[in-house]
Amino acid sequence: MGLLRIAKLRRMICYNSGKFMVVDYGGGKVKKGKYYVTTPIYYINSEPHIGSAYTTIIADVIARYKRFRRYDVFFLTGTDEHGQKVLSAALEAGKDPQVFCDELAEKFKKLWKDLEITNDYFIRTTDENHMKVVQRFVEKMMENGDIYKGKYEGWYCIPCESFWKEEELGDGKTCPQCGRPVKWVSEENYFFRLSKYRSALLKHYEENPDFVEPDFRKNEMLRILESGLQDLSITRTSFKWGVPMPRDPKHVIYVWVDALINYVSAIGYTEDDEKFERYWPADLHLIGKEINRFHSIIWPAMLMSVGLPLPRKIYAHGWLTVNGQKISKSLGNAIDPRVVVKKYGLDAVRYYLLREIAFGKDGDFSEEGLIKRINADLANDLGNLVHRTTAMIKQNFNSKVPRPSKSEGVDEKLKDSAMETISEFFDHMDSLKFTTALEKLWEFVGFSNKYIDLTEPWILAKGGDKEKERLATVLYNLSEAIRIIAVLLKSVMPNTSREILRRFGYENWDEVDETHVERWGMIKVGNPVEHGKPLFPRIDKDSERVIKMKTTDEGKREEKYAEFITIEDFSKVDLRVGKVIEAEKVEKSRKLLKLKIDLGKLGIKQIVAGIAQYYNPQDLIGKKIIVVANLKPVKLMGVESQGMLLAAQSEGKLRLLTVDGDIDAGAKIS
Ligand code: MSP
């Protein structure tokens with residue numbers, strides 16, 4: 001984007017998407033253009049942990065920063081709810097997949113709210129609107145001749161929802177990404193002509209060297225492109241939890257194709273042209289390293305296929321470990337980020353994640369490290385700077401920002417250092433180098449503390465009028481330095497930024513933007529100053545830790561053990577062989593079938609079961625299945641169910657239990 005400054009008016013003319021524009025989105029402040037940032041949409045198979053919160057927190061910092069730099073920001077996050085992995089999790093939880101997703105989506109939304117994430121929209125792939133857009137998108141790919149029917153035979157990893165070539169597999173036929181066993185799949189599928197886009201993609205990479213970052217991740221993609229692309233199987237028939245393929249609903253669309261389209265469906269593709277044109281192409285897709293191939297090869301090829309411009313940048317960050325270990329439920333470190341936030345504070349966690357983990361690389365989230373940063377950088381450096389300054393203003397100037405007079409060499413140094421910090425901070429934030437941006441800012445915090453040592457205000461306070469005049473200048477300069485630090489911290493540590501500015505007499509924090517650090521000397525003389533409690537109380541290094549790690553063995557045992565029941569408990573369940581004599585769909589339900597079951601002498605029972613995604617009603621007639629005959633009747637979608645049938649579930653599949661050979665309907669099972 002090219003920017004042209006018109007002196008004085010401070011208006012920006014932006015060159016954006018091939019157009020020059022000056023946009024005013026209200027409030028009298030001119031916006032520089034738009035900025036559309038996305039997180040991946042999270043699989044909803046389990047609850048989010050600190051690792052999954054990492055991407056969202058970073059995206060939030062970026063969104064807040066771009067708003068601060070006066071962009072018209074759209075920040076998107078959401079949940080990825082289709083596919084075998086989510087289906088299996090729902091079935092394992094004994095829940096209807098939609099009910100399961102509804103519950104988990106609420107948990108994600110609540111987490112982001114508790115973490116004060118400022119997303120503009122939350123997309124769910126089970127939203128009707130999204131599903132419609134997915135079908136239209138795929139239809140457009142078809143119209144362009146990019147989809148054909150063929151047979152897929154190969155290896156599939158359900159946890160990663162990824163296809164792999166034989167030669168890519170790890171030892172013992174395992175997924176090269178997560179190390180878990182892959183599954184042989186053989187199905188008639190629709191395919192996307194991904195191979196057709198290889199040279200166009202290579203050209204795009206060449207012409208847009210910043211398309212994929214960091215560089216070493218881009219090189220990985222280039223190696224894949226150079227070694228050739230295979231067409232991609234984009235539908236499945238072995239389960240139904242997905243978006244039906246247009247004109248062939250026996251197939252559901254591959255979860256990754258469905259998921260990637262969220263980035264355009266969320267901003268109104270084929271539904272709201274104005275909004276779509278306002279925000280597309282995305283300026284930044286923020287993702288983790290393991291899903292780079294989907295975003296940097298498959299997604300751009302899909303966009304080329306439907307004739308849409310490609311995103312400006314894809315940034316693949318590294319992975320977090322917690323206390324040095326891979327995040328895993330069984331190790332006890334897949335903790336809810338709120339637990340850490342509750343003890344140490346949201347801003348401290350945000351600061352730590354950005355400062356400690358070099359963005360782009362793998363890094364470790366350690367509680368010890370967090371405590372060290374809080375005590376050193378926050379309590380000692382920043383906290384003390386604010387505390388000392390406000391205390392001296394309270395004692396010597398009746399809690400008002402004093403009027404400065406003649407400046408000396410050291411004052412000029414502080415001012416120059418502030419101006420240099422602002423410009424370097426912006427440069428590093430613009431290039432997503434958060435660690436360096438914060439290092440620079442903390443150098444300035446350090447220099448401000450040093451300025452106190454050099455100017456010795458405690459000695460000036462004891463002197464006569466001349467010294468008092470000098471003290472006023474020193475404390476004015478310190479107030480201004482602190483104001484600048486707080487303004488720059490707006491996107492990284494919003495609550496701290498707001499609190500510091502409030503203590504220096506600024507109540508309109510929401511309106512604070514880059515124009516508030518345009519020059520030195522913007523703090524108002526006479527502003528009320530509050531000397532409050534320390535901003536960051538020191539954490540006792542021996543205090544109790546919130547991340548309690550288990551040993552690998554402990555973790556494993558806990559996962560395996562189930563509760564014992566007695567034979568008496570078991571005998572309470574009246575299990576019978578039942579013959580299916582009628583089967584039909586329950587009206588308005590995608591999941592339920594209504595069955596009439598012959599139970600011999602027990603008569604005929606009606607059972608409603610959530611198996612419509614796995615069985616056609618007519619295929620069930622005549623089958624002898626296993627039924628819990630003494631279950632208390634319930635109503636499902638208004639239809640009475642007088643029992644339950646037994647089924648086995650694994651990896652997105654469901655199979656009914658039957659008997660081995662012929663036996664009368666009603667036979668008792670023990
Ligand atoms: N549903 C897909 C994304 C579809 S986007 C069109 C998916 N979901 S995920 O839940 O498995 O991962 C979502 C994001 O969380 C990824 O960017 C992933 O890298 C990130 N993280 C999950 N665990 C993580 C860590 N331990 N550390 C850092 N990020 C990690 O993939």
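1. Let's start with serine 88. In this predicted model, serine 88 counts as buried because its relative accessibility is 9%, and buried means under 20%. You can find serine 88 in helix α2, which covers residues 84-92.

2. Now look for asparagine 45, which is 43 residues away from serine 88 along the chain.

3. Next, turn to the ligand. Which residues come nearest to the ligand? There are 23 residues around it, and those that come nearest are Ile41, Asp80, Gly288, Glu290 and Leu320.

4. Isoleucine 41 has a polar backbone atom 2.8 Å from a nitrogen atom of the ligand. Glycine 288 also uses its backbone: one of its N or O atoms there lies 2.9 Å from a ligand oxygen atom. With glutamate 290, it is an N or O atom of the side chain that is 2.9 Å from an oxygen atom of the ligand. On its own, the ligand has 660 Å² of accessible area, and the protein covers 93% of that.

5. Where does the shell around the ligand come from? At least two residues each are supplied by β7 (42-43), α1 (50-68), α7 (255-260), α8 (262-265) and β18 (284-288). The element that gives the most is α7, with three residues.

6. Finally, consider the make-up of that shell. Sorted by class, the residues around the ligand are 13 nonpolar, eight polar and two charged.

Conventions. Residues are numbered from 1 along each chain as its sequence is written. This is a predicted model: local features need pLDDT of at least 70, side-chain atom pairs count only at pLDDT 80 or more; totals for chains, interfaces and linings use all residues. Side-chain values use heavy atoms; hydrogens and water are left out. Helices (H or I, at least four residues) and strands (E, at least two) are DSSP runs, numbered from the N terminus. Buried means under 20% relative accessible area, exposed over 50%, partly exposed in between (1.4 Å probe, protein chains only). A residue is near a molecule or strand if one of its heavy atoms lies within 4 Å of it. A polar contact is a pair of N or O atoms within 3.5 Å; within protein, one must be able to donate a hydrogen and the other to accept it, and residues adjacent in sequence count only if both atoms are side-chain atoms. Accessible areas come from the Shrake-Rupley method with a 1.4 Å probe; for residues, only the protein chains shown count as cover. Ala, Val, Leu, Ile, Met, Phe, Trp, Tyr, Cys and Pro count as nonpolar, Asp, Glu, Lys and Arg as charged, and the others, Gly among them, as polar.
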